[in-house]
Amino acid sequence: SSTASVAVAADVVKMISVVLGSLAFNGLVTPAPTRAAVSMSAISPGDIGTTRPLGVFDPLKLMEKNPGKYRRFQEMEIKHGRIAMLATLHVFITGAGYKWPGYCSYLSFPPLKFEDIPAGTLASWAALPQAGWAQIVAVVAILDNSLFAQDPNREPGDVAGDLPWVRYDDPKVKEYKLNIERNNGRAAMMGILGMIVHTALGQDALYPIVSK
């Protein structure tokens with residue numbers, strides 16, 4: 001009958017409202033990440049690189065699974081960030097037309113001048129002779145394992161040793177500068193990767209929207 005249908009419909013509505021109400025309530029009481037939850041990781045709030053807005057950002061939980069590798073990951077992040085900043089600076093400078101004078105290679109035929117190397121990312125990489133890349137890799141490897149070797153007794157990234165380098169006595173200034181370097185390195189890694197992708201797609205490294 002119609003009365004029975006109305007009663008069944010009313011029961012269904014009540015069930016739906018109860019279910020939705022329980023879901024909404026659970027959503028409100030979902031616990032937020034606390035300092036105790038973060039402390040399980042090797043990363044602690046306030047470490048260099050744990051800046052706002054992300055703070056302690058470890059979505060893959062690498063520092064919970066392998067806390068002993070935290071020091072190594074810090075060193076590698078700083079090193080790759082510095083290389084990426086140099087690579088990004090290379091794109092800016094060569095794109096503006098500034099290049100070294102003279103020859104890059106006398107052994108290639110014909111000899112290669114610096115001004116003959118295209119600006120950008122992939123083009124400059126392809127134009128450099130293999131012998132030149134071998135020299136670059138060899139020099140970087142020698143410096144990385146000798147003059148600029150990471151001392152385990154020093155902070156990650158402090159590879160200057162006793163060389164006359166900029167030092168900050170004020171702890172707050174030092175922390176501020178180190179956080180700037182870490183964040184700029186992260187931005188540069190993303191930036192140079194984006195430039196490489198733009199070039200690979202046939203666009204301008206810096207202005208892909210207006211190039212073609």
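Is lysine 61 buried, partly exposed or exposed, and what is its relative accessible area? Lysine 61 is partly exposed, with a relative accessible area of 41%; buried means under 20%, exposed over 50% and partly exposed in between, computed with a 1.4 Å probe and protein chains only.

The structure is a predicted model, in which local features need pLDDT of at least 70, side-chain atom pairs count only at pLDDT 80 or more, and totals for chains, interfaces and linings use all residues. Residues are numbered from 1 along each chain as its sequence is written, and side-chain values use heavy atoms, with hydrogens and water left out.

**Figure 1. Overview of the chain.** The secondary structure comprises eight helices and two strands, arranged from the N terminus as α-α-α-α-β-β-α-α-α-α. Helices (H or I, at least four residues) and strands (E, at least two) are DSSP runs, numbered from the N terminus. Of the 212 residues in the chain, 17% are buried. The accessible surface amounts to about 15,700 Å², and carbon and sulfur atoms account for 67% of this area; accessible areas come from the Shrake-Rupley method with a 1.4 Å probe, and for residues only the protein chains shown count as cover. Among contacts (heavy atoms within 4.5 Å) between residues at least 6 apart in sequence, 49% join residues at least 24 apart.

Figure 2. Helix α7 spans residues 171–200, and its 30 residues reach 43 Å from the first C-alpha to the last, close to the 44 Å expected at 1.5 Å a residue. The expected span is 1.5 Å times one less than the number of residues. Asn179, Arg182, Gly185, Ala188, Ile192 and Met195 are buried in α7, and the buried residues of this helix pack against α4 (70–95). The N-terminal end of α7 is capped by aspartate 170, a side-chain oxygen of which lies 3.1 Å from the backbone nitrogen of lysine 172. Just after α7, glycine 202 adopts a positive phi of about 85°.

Figure 3. Arginine 182 and glutamate 77 meet through their side chains in a salt bridge, at 3.3 Å from N to O. Arginine 182 belongs to helix α7 and glutamate 77 to helix α4, so the pair ties together parts that are 105 residues apart in sequence. Arginine 182 is buried at a relative accessible area of 8%, whereas glutamate 77 is partly exposed at 23%. The structure holds 10 salt bridges, each defined by a side-chain nitrogen of Lys or Arg within 4 Å of a carboxyl oxygen of Asp or Glu.

Figure 4. Aspartate 158 is buried, with 18% relative accessibility. Arginine 154 is partly exposed at 25%, and arginine 167 is partly exposed at 43%. Salt bridges that share partners join Arg154, Asp158, Asp162 and Arg167 into one network.

**Figure 5. The loop between α2 and α3.** Threonine 50 is found in the loop between α2 (35–38) and α3 (62–65) and counts as buried at 17% relative accessibility. The side chain of threonine 50 reaches the backbone nitrogen of glycine 46 at 3.2 Å and the backbone oxygen of aspartate 47 at 2.6 Å. Residues touched by threonine 50, not counting those up to four places away in sequence, include Val56 and Asn179. Most residues other than glycine have a negative phi, and most peptide bonds are trans.

**Figure 6. Lysine 99 in the loop between α4 and β1.** Lysine 99 lies in the loop between α4 and β1 (103–105) and is partly exposed, at 33% relative accessibility. The side chain of lysine 99 reaches the backbone oxygen of isoleucine 117 at 2.6 Å. Lysine 99 and phenylalanine 114 are 15 residues apart along the chain, and their C-alpha atoms are separated by 6.3 Å.

Conventions: Polar contact = N/O pair within 3.5 Å; in protein donor to acceptor, adjacent residues only side chain to side chain.
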